[in-house]
Amino acid sequence: MSHNPETPGPATAKRHIDRVRGAIGYEEAVRRLLAQATALPAETCPLALASGRVLARDVRSPMDLPSFDHAAMDGYALSAGTGIASGAEFDVLASQAAGDGPRQIDSGGCEIMTGARMPEGVDAVIPVEQTQLLASNNDGSPARIRVLQEVRTGQNVRLAGSDIANGANAIAAGTCIDAATTMLLAALGQAHVDVVRQPRVAIICTGKELQADATQPLDADRIHASNGPYLASALAAAGARVTACLTVDDTAVTFADALRGVLRDGVDLVISTGAVSMGRYDFIPELLRESGAELLFHGVAMRPGKPLLCARLANGPLLLAMPGTPMAVAVAMRFFVNPLLRAMLGQAPETTVPAALTTAQSPKPGLRHFLRGQLHVDDNGCLQATPLPQQQPFRIHAFAQADAWIILDGESAECPVGTMVAIASLVAGVPMQIARTRSANARAGEPA
Ligand SMILES: Nc1nc2c(c(=O)[nH]1)N[C@H]1C(S)=C(S)[C@@H](COP(=O)(O)OP(=O)(O)OC[C@H]3O[C@@H](n4cnc5c(N)ncnc54)[C@H](O)[C@@H]3O)O[C@H]1N2
Ligand code: MOO
């Protein structure tokens with residue numbers, strides 16, 4: 001990191017060694033994190049604004065859907081009983097369109113339109129193209145028809161409640177409301193829905209090298225700040241509300257000021273980036289110790305992102321202090337923050353998808369590896385995962401070219417071609433890209 005003479009408290013060599021030794025496994029780190037997760041309360045939201053929100057309670061259907069028996073085709077509604085033979089003729093005595101009220105048909109047939117309520121006394125619909133018009137009324141409406149096919153009872157009739165019955169479970173709590181669930185909720189007449197309050201998350205990025213304002217020319221010694229915009233985007237995709245996205249220098253004083261500010265606004269989680277590793281200006285561990293925070297872990301046996309730190313702030317929310325390296329941030333977001341947000345939102349843990357490795361890997365034993373990779377389906381329809389050659393943690397271009405995360409659990413030092421590995425989408429809530437053939441980029445062996 002950068003060099004700031006005002007930064008307090010250089011860490012001792014002894015503490016560095018303890019920290020490396022103290023790295024805990026990924027599963028244990030997530031267990032400690034989730035043990036701190038509190039389920040957020042419910043609030044009511046208009047359906048029109050509920051996209052991306054998470055249902056707080058099961059929704060039971062308050063009605064039959066469809067709400068009445070209706071025609072599936074434009075044609076003629078008939079009483080088929082035990083069946084009508086091809087060639088039978090009928091007088092057409094009425095016409096029924098979508099939106100028309102109940103009607104009784106005692107004899108003959110009824111012209112009917114798709115979506116129209118089935119009249120009483122009829123039980124089947126024959127499509128108009130399977131009939132022959134024998135006579136018309138003066139206004140052009142059909143008067144008599146012949147059926148050109150056999151008609152069976154129930155054909156082309158959609159029964160009330162056949163989509164979902166009154167009282168049945170429609171959507172489970174924890175479901176993220178998307179376009180499909182919005183269609184169902186709207187069909188069930190839900191003007192409002194009970195959703196879980198959005199987790200409120202503040203982001204503080206540290207580093208005096210960071211330039212957050214991309215409208216200004218970049219100073220020679222600075223870099224464009226990319227962690228904040230990435231986190232804000234990934235948090236929004238996960239259903240969180242970003243209350244602040246700040247950039248501060250490498251001093252404990254400015255960081256502490258920024259932290260006080262975001263806590264005043266009320267947050268469920270603070271995410272910081274940078275200043276948690278071994279550098280002389282990595283002040284966050286010291287600052288937390290001095291402020292009475294409860295350290296949950298500092299150091300996770302994983303790559304990238306090993307220096308990750310998690311603490312419960314004194315009388316406050318959780319702080320996830322991520323290492324500043326972009327891929328360390330991406331791993332911490334995807335494999336720590338996303339599970340935490342799901343727990344807060346009352347959602348079950350995500351499942352990964354299995355895929356076969358197309359290139360042999362030699363991960364460092366004991367470390368869980370999170371690799372950026374590309375996916376394709378082979379000729380047998382099996383999902384194949386190809387780690388990109390560019391796995392160094394500063395590489396943002398390769399990240400943007402990846403389809404998914406490939407997880408090597410750290411159990412074995414050698415993972416030959418064909419090893420089954422777990423796959424997770426690159427960004428939670430955004431579907432994985434899967435190609436039909438292996439991409440040229442994944443084959444291009446640029447050295448890592
Ligand atoms: N002697 C050791 N050095 C390092 C170790 C170690 O074990 N021993 N661990 C390395 C690992 S692993 C990581 S990860 C980094 C983490 O360091 P910090 O958390 O202190 O992060 P910084 O030094 O502040 O930044 C690292 C890197 O990322 C760039 N950065 C930071 N913030 C942003 C941002 N908002 N947008 C874009 N890029 C950012 C920063 O300029 C640095 O290049 O420590 C290793 N060192
Ligand atoms: O884990 Mo760090 O992210 O290797 O650079």
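Glu27 and Arg368 form a salt bridge, with 3.1 Å between their closest N and O atoms, where a salt bridge means a side-chain nitrogen of Lys or Arg within 4 Å of a carboxyl oxygen of Asp or Glu. The model is predicted, so that local features need pLDDT of at least 70 and side-chain atom pairs count only at pLDDT 80 or more, whereas totals for chains, interfaces and linings use all residues. Residues are numbered from 1 along each chain as its sequence is written, chains are lettered from A and ligands numbered from 1 in the order in which they are written, and side-chain values use heavy atoms, with hydrogens and water left out.

**Domains and the salt bridge**

- The protein is divided into domain 1 (17–41 + 197–344), domain 2 (44–65 + 162–196), domain 3 (70–158) and domain 4 (353–443), with bounds that come from an automatic or database domain assignment.
- The whole structure holds 13 salt bridges, and the count between domain 1 and domain 4 is one.
- Arg368, in its salt bridge with Glu27, belongs to strand S23 (residues 368–377), while Glu27 belongs to helix H2, so the pair links distant parts of the chain, 341 residues apart; helices (H or I, at least four residues) and strands (E, at least two) are DSSP runs, numbered from the N terminus.

**The interface between domain 1 and domain 4**

- The centres of domain 1 and domain 4, taken over C-alpha atoms, are separated by 26 Å, and the contact, meaning heavy atoms within 4.5 Å, takes 18 residues from domain 1 and 22 residues from domain 4.
- About 1,700 Å² is buried between domain 1 and domain 4, with carbon and sulfur atoms giving 71% of that area; buried area is the accessible area (1.4 Å probe) that two parts lose on being put together, summed over both.
- On the side of domain 1, the residues that lose the most area to domain 4 are Arg303, Met327 and Arg334, which together account for 37% of what that side buries.
- Six residue pairs (both at pLDDT 80 or more) are in polar contact between domain 1 and domain 4, a polar contact being a pair of N or O atoms within 3.5 Å in which, within protein, one must be able to donate a hydrogen and the other to accept it, and residues adjacent in sequence count only if both atoms are side-chain atoms.
- Helix H2 (26–34), helix H4 (227–237), strand S19 (302–303) and helix H7 (326–344) are the elements that give two or more residues to the side of domain 1 that touches domain 4, and H7 gives the most, with seven residues.

**Annotated span**

- The UniProt record, an unreviewed entry, places the feature "domain: MoaB/Mog" at residues 202–343, and such annotations may be inferred rather than shown by experiment.
- The span of residues 202–343 is 35% helix and 27% strand, and its end C-alpha atoms lie 18 Å apart.

**Backbone details**

- The peptide bond from Arg303 to Pro304 is cis, with omega near -5°, and Pro304 lies in the loop between S19 and strand S20 (309–312).
- Ala275, a residue other than glycine, has a positive phi near 65° and lies in the loop between strand S17 (269–273) and helix H6 (284–291).
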